[in-house]
Amino acid sequence: MTDLNRPARLNRTLLVLTGIVLLAVGGFAVGTHFGRIPLLDPGATLVPGTAMPPGWVWYAVAGAAVVVGLLALRWLIAQPVRKPKSHTWRFDQETGETSLAASAAVEPFTAEVATYPGVHAAHATLGGTQDAPVLAVVLSAEQDGDLAAIRERIADEGLPRLRQALDLAELPMTIEFRFSAKTGSRIQ
């Protein structure tokens, strides 16, 4: 199965690396301050002298800032939710070939799931190829919705019907729940 959330894995990796670097720098600073690491004199100035640095230093700092800014921009671009790549499915029969857009295949599924109790809205993307399909579902659930019951109903009713309609033995599915600001109707 393809990884549907690559930015999250990258974010976790970068956060772990940043944490390790910050812990190491903090430990070095504390060790130097208390004299446990004798590489630097705790009473020495940070940089020797008061003269301005050479001109090339400013260009190097500006270049490094541009590189960091571009990396940060690339990171921001990677953050939106990525949907799996969708393909047009082709079914060959003796009488001809049928083409089915993956988005059209999941429309009845999303319409059905949107009617389940506790679901405010549903969106689904059928990605991958016919040999290795992946279904990514994003549900907007009501605040008082029972997420376990919603997931169970999808697995027991909606997903089997979609698999049968697409003539698939197996269809891996991921569900992302988001909470809606609206609540369900209350019985008085």
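# Close-up views of a predicted protein chain

**View 1. Overall architecture of the protein chain.** The protein chain holds 4 helices and 5 strands, where helices (H or I, at least four residues) and strands (E, at least two) are DSSP runs numbered from the N terminus. From the N terminus on, these elements follow the order α-α-β-β-α-β-β-α-β. The model is predicted, and local features need pLDDT of at least 70, side-chain atom pairs count only at pLDDT 80 or more, and totals for chains, interfaces and linings use all residues. Residues are numbered from 1 along each chain as its sequence is written, and side-chain values use heavy atoms, with hydrogens and water left out. Of the 188 residues of the protein chain, 26% count as buried; buried means under 20% relative accessible area, exposed over 50%, and partly exposed in between (1.4 Å probe, protein chains only). The accessible surface of the protein chain comes to about 13600 Å², as given by the Shrake-Rupley method with a 1.4 Å probe, only the protein chains shown counting as cover for residues. Carbon and sulfur atoms hold 62% of this surface. Among contacts (heavy atoms within 4.5 Å) with a separation of 6 or more, 60% link residues 24 or more positions apart.

View 2. Strand 4 pairs with strand 5 in the parallel sense over 7 bridges. Along this pairing, L135 stands opposite M173 in strand 5.

View 3. Strand 4 and strand 5 are the parallel pair, with 7 bridges.

**View 4. The hairpin of strands 3 and 4.** Strand 3 and strand 4 form a hairpin, with 4 residues between them. The two strands run antiparallel and are joined by 9 bridges, strand 4 covering residues 133-141. G128 has P133 in strand 4 as its bridge partner. Strand 3 (residues 119-128) is largely enclosed by the rest of the structure, because 7 of its 10 residues are buried.

View 5. In one of them, R161 pairs with E112, the closest N and O atoms being 2.4 Å apart. R161 lies in helix 4 (residues 147-166) and E112 in helix 3 (residues 102-114), so the pair ties together parts that are 49 residues apart in sequence. R161 is partly exposed at 43% relative accessibility, whereas E112 is buried at 19%.

View 6. The side chains of R153 and E157 meet in a salt bridge at 3.0 Å, N to O. Both residues lie in helix 4, 4 residues apart, about one turn of the helix. R153 is partly exposed at 31% relative accessibility, and E157 is partly exposed at 30%. R178 forms a salt bridge with E176, with 2.9 Å between the closest N and O atoms. R178 counts as partly exposed at 38% relative accessibility, and E176 counts as partly exposed at 30%.

**View 7. A nonpolar surface patch.** L10, L14, L17, W75 and L76 make a nonpolar surface patch of about 460 Å². Helix 1 (6-33) and helix 2 (55-77) are the elements that give two or more residues to the patch. Patches are made of residues with over 30% relative accessible area and no salt bridge, like charges being joined within 9 Å and nonpolar side chains (Val, Leu, Ile, Met, Phe, Trp, Tyr) within 5 Å. Helix 1 provides the largest share, 3 residues. L10 is located in helix 1 and is partly exposed, with a relative accessible area of 41%.

Key:
A salt bridge is a side-chain nitrogen of Lys or Arg within 4 Å of a carboxyl oxygen of Asp or Glu. Two strands pair if DSSP finds at least two bridges between them.
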